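Subject: Structure handover

Dear colleague,

Here is the structure I said I would pass on. My notes on what was found in it follow below.

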Amino acid sequence: MDLRDLYQEVILDHNKRPRNFGVLEGGSQAAGHNPMCGDRVSVYVRMEGGRVAEARFTGNGCAISKASASMMTEAVTGHTAEEVRGMFSTFQEMVTGKCEADDEKVGKLVVLSGVSEYPSRVKCAMLAWHALQAAIEGASKTVSTE
Ligand code: ZN
């Protein structure tokens, strides 16, 4: 099995069995909408001592958007708002092809590096991240990729 097949496998698995899926009470929340594809996501985050104590999401969309949200909630837990901002930038650079896919920098999120070959899917992959940023900043609003 080559790396590409493995990545595909992981994405499909997260799509089928999303992690941290469901409403989170007592945190802040922000919704995201990607009109290009029809993806909708709500991201919930609870901060504790300046760190992400818990992140969850709900919503409906394509496999990329769901897998990205699922992996994001796992990746950001335990990190500070500042670190999450850094992860956002690195992830964005990776899916837009501005930097090499590097699992030392992005960890498991590297499985989404293939998105850089499909510019129309970048918004799918970024949607949950935009919503997470808004939720962390405490802006309870709907972000749009447009
Ligand atoms: Zn999508």
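About 60 Å³ of space lies in the largest cavity. Please keep in mind throughout that this is a predicted model. The structure holds one cavity of 30 Å³ or more. Thirteen residues line the largest cavity, and Arg40, Val41, Ser65, Lys66 and Ala69 are the closest to its centre. By class, the lining of this cavity comprises five nonpolar, five polar and three charged residues. At least two lining residues come from each of β2, β3, α2 and α5. The biggest share of the cavity lining is that of β3, with four residues.

**The largest pocket**

The volume of the largest pocket is about 370 Å³. Its lining consists of 17 residues, and those nearest the centre of the pocket are Gln8, Ile11, Gly114, Val115 and Tyr118. Sorted by class, the pocket lining has 10 nonpolar, four polar and three charged residues. Both α1 (3–16) and α2 (63–76) supply at least two residues of this lining. The most comes from α1, which gives six residues.

Cys37 is partly exposed, because its relative accessible area is 36%. Cys62 counts as buried, because its relative accessibility is 15%. Cys124 also counts as buried, with a relative accessibility of 0%. The cut-off for buried is under 20% relative accessible area.

As to other cysteine pairings, a disulfide is a covalent bond between the sulfur atoms of two cysteines. The structure holds zero disulfides.

**The nonpolar core**

In soluble globular proteins, nonpolar side chains tend to be buried together. Here the largest nonpolar core has 42 residues. Which of them touch the most other members? Those are Val76, Phe91, Leu112, Trp129 and Leu132. Two or more residues of this core come from each of α1, β2, β3, α2, α3 (81–95) and α5 (122–136). The helix that gives the most to the core is α5, with 12 residues.

**Individual residues**

Some single positions are listed here for when you go through the model.

- Asn20 is located in the loop between α1 and β1. Although Asn20 is not a glycine, its phi is positive, at about 55°. Asn20 counts as partly exposed, because its relative accessibility is 30%.
- Phe21 is found in the loop between α1 and β1. Phe21 is partly exposed, with a relative accessible area of 37%. Phe21 and Ser70 are 49 residues apart along the chain, and their C-alpha atoms are separated by 7.3 Å.
- Phe88 has its place in helix α3. Is Phe88 buried or exposed? Phe88 counts as buried, because its relative accessibility is 12%. From Phe88 to Ala69 there are 19 residues in sequence and 12 Å in space, C-alpha to C-alpha. Ala69 is among the residues closest to the centre of the largest cavity.
- Glu104 lies in helix α4 (residues 103–106). Glu104 counts as exposed, because its relative accessibility is 76%. Glu104 and Glu25 are 79 residues apart in sequence and 33 Å apart in space, C-alpha to C-alpha.

Regards

Notes:
Residues are numbered from 1 along each chain as its sequence is written. This is a predicted model: local features need pLDDT of at least 70, side-chain atom pairs count only at pLDDT 80 or more; totals for chains, interfaces and linings use all residues. Side-chain values use heavy atoms; hydrogens and water are left out. On a 1 Å grid over the protein atoms alone, a cavity is a set of points where a 1.4 Å probe fits but cannot get out, and a pocket is an open set with protein on both sides within 12 Å along at least five of seven lines; lining residues have an atom within 4 Å of a point. Grid points are joined across faces, edges and corners, and a volume is the space filled by probe spheres set on the points. Ala, Val, Leu, Ile, Met, Phe, Trp, Tyr, Cys and Pro count as nonpolar, Asp, Glu, Lys and Arg as charged, and the others, Gly among them, as polar. Buried means under 20% relative accessible area, exposed over 50%, partly exposed in between (1.4 Å probe, protein chains only). A disulfide is a pair of cysteine sulfur atoms within 2.5 Å. A nonpolar core is a set of buried Ala, Val, Leu, Ile, Met, Phe, Trp, Tyr and Cys residues joined through side-chain atoms within 4.5 Å.
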